[in-house]
Amino acid sequence: MAHLLEGKPIAERLKEELKKEILNFDIKPVLASIQVLENPACEVYIKSQKKTAESLGIDYRFYKLDSNISESKLIEFIQNLNLDNSIHGIILQMPLPSHIDYKNISEYIDPKKDVEGLNPKNLGKLIFGKAKILPCTPSAVMELLKETKVDLYGKEVVVVGHSEIVGKPLALLLLEKFATTTVCHIATSQRSKLEEHVKQAEILVVAVGKANLIKGNWIKEGAIVIDVGINKVGDKIVGDVELEEASKRASWITPVPGGVGPLTTVMLMRNLLEATKLQI
Ligand code: NAD
């Protein structure tokens, strides 16, 4: 039976470290959070970010913009925050309205204030293994792997999902550790190759957003399984992996909820500290 790889205790430990570090700062770090579109999941994230920020001594400044705001006006708003010396980090809440393309926006967040690590400049540094600000969810996954004490060198790692915020940057972080990294996505499934790849994985990370996509009996005996997916099924939140069946084969497995989620917010705050240091 797998050990449960819970994010909460790790998050609590890291928060204590961050809190101590912030106490040594001469200033109170300020995180600007921009929401354009109202969305129930997003409200939950904002609440959790605010709570975590405040518990760490971070000033969380929330800006709700009109959902009809044009792309150029949103960019202008961000540029004003870039110029505001009292703001150390900027987060743009997802999703955005359909008339705004995040891929056009991310480059306008000052790389030094880019607490999500998604400005092309920060993502580019990731390729060279020199990024100081890392995308939050991939960073949370790496923290969880660290907790298992697994040596990633040469390990067969399969990442399912190739989004800009999770799968692609995570693959870069894993390559940096010399893991043998395979990235699967929708086309892998369409060619009926997903099961074959998953069965090879000594470490499996799934970030798709489809409940029970990964069958428990696909998990290699002793594998480490990190489930990033968040899916609402009835009134329950579940991941992308069949947790119960997979637990019988894996050595470590993250629960959903309570695995990656609690750590992601802490990674955001860690990035804010890094961003603040780059500015003061
Ligand atoms: P996305 O929608 O941007 O990307 C989904 C990825 O899954 C794509 O690469 C797509 O090709 C792939 N995919 C879709 N169907 C597939 C299939 N049948 N087989 C294989 N691959 C398939 O998603 P995202 O933003 O990366 O988020 C993925 C999931 O992770 C969502 O459930 C999201 O809520 C969750 N998430 C959780 C956290 C957290 O902190 N826990 C953070 C970010 C995202």
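A search of the whole structure, a predicted model, finds 16 salt bridges. Side chains of opposite charge can pair when their charged atoms come close. Three of these pairs are set out below.

| Salt bridge | N to O distance |
|---|---|
| Aspartate 59 and arginine 61 | 3.3 Å |
| Glutamate 76 and lysine 73 | 3.7 Å |
| Arginine 270 and glutamate 143 | 3.1 Å |

Take aspartate 59 and arginine 61. Aspartate 59 has a relative accessible area of 25%, so it counts as partly exposed. Arginine 61 is partly exposed too, at 28%.

Glutamate 76 and lysine 73 both sit in helix H3, residues 71-83. They are three residues apart, about one turn of the helix. Glutamate 76 is partly exposed, with 41% relative accessibility. Lysine 73 is partly exposed at 47%.

Arginine 270 is partly exposed, at 29%. Glutamate 143 has a relative accessible area of 7%; because buried means under 20%, glutamate 143 is buried. Elsewhere, salt bridges with shared partners join Glu21, Glu274 and Lys277 into one network.

Now the ligand. The shell around the ligand holds 21 residues. The closest are His162, Ser163, Ser189, Lys210 and Thr264. By type, the shell has ten nonpolar residues, ten polar and one charged. A polar side-chain atom of lysine 210 comes within reach of a ligand nitrogen, at 2.9 Å. Backbone atoms take part as well. A polar backbone atom of isoleucine 186 is 3.1 Å from an oxygen atom of the ligand. For isoleucine 230, a polar backbone atom is 3.0 Å from a ligand oxygen. On its own, the ligand has 860 Å² of accessible area, and the protein covers 77% of that. Helix H8 (186-190) and helix H11 (260-279) are the elements that each give two or more residues to the shell. H11 supplies the largest share, three residues.

With Tyr45 and Ile237, Ile230 forms a nonpolar surface patch of about 270 Å² accessible area in total.

Cysteine 42 lies in helix H2, residues 40-56. At 1% relative accessibility, cysteine 42 is buried.

Notes:
Residues numbered from 1 in each chain as written. Predicted model: local features only at pLDDT ≥ 70, side-chain atom pairs only at ≥ 80, totals over all residues. Heavy atoms only, no water. Near = heavy atom within 4 Å. Polar contact = N/O pair within 3.5 Å; in protein donor to acceptor, adjacent residues only side chain to side chain. Areas by Shrake-Rupley, 256 points an atom, 1.4 Å probe, with all protein chains shown as cover. Helix = DSSP H or I, 4+ residues; strand = E, 2+ residues; numbered from the N terminus. Nonpolar A, V, L, I, M, F, W, Y, C, P; charged D, E, K, R; others polar. Patch = residues over 30% accessible without salt bridge, like charges linked within 9 Å, V, L, I, M, F, W, Y side chains within 5 Å. Salt bridge = Lys/Arg side-chain N within 4 Å of Asp/Glu carboxyl O. Buried < 20%, exposed > 50% of the residue type's maximum accessible area, 1.4 Å probe, protein only.
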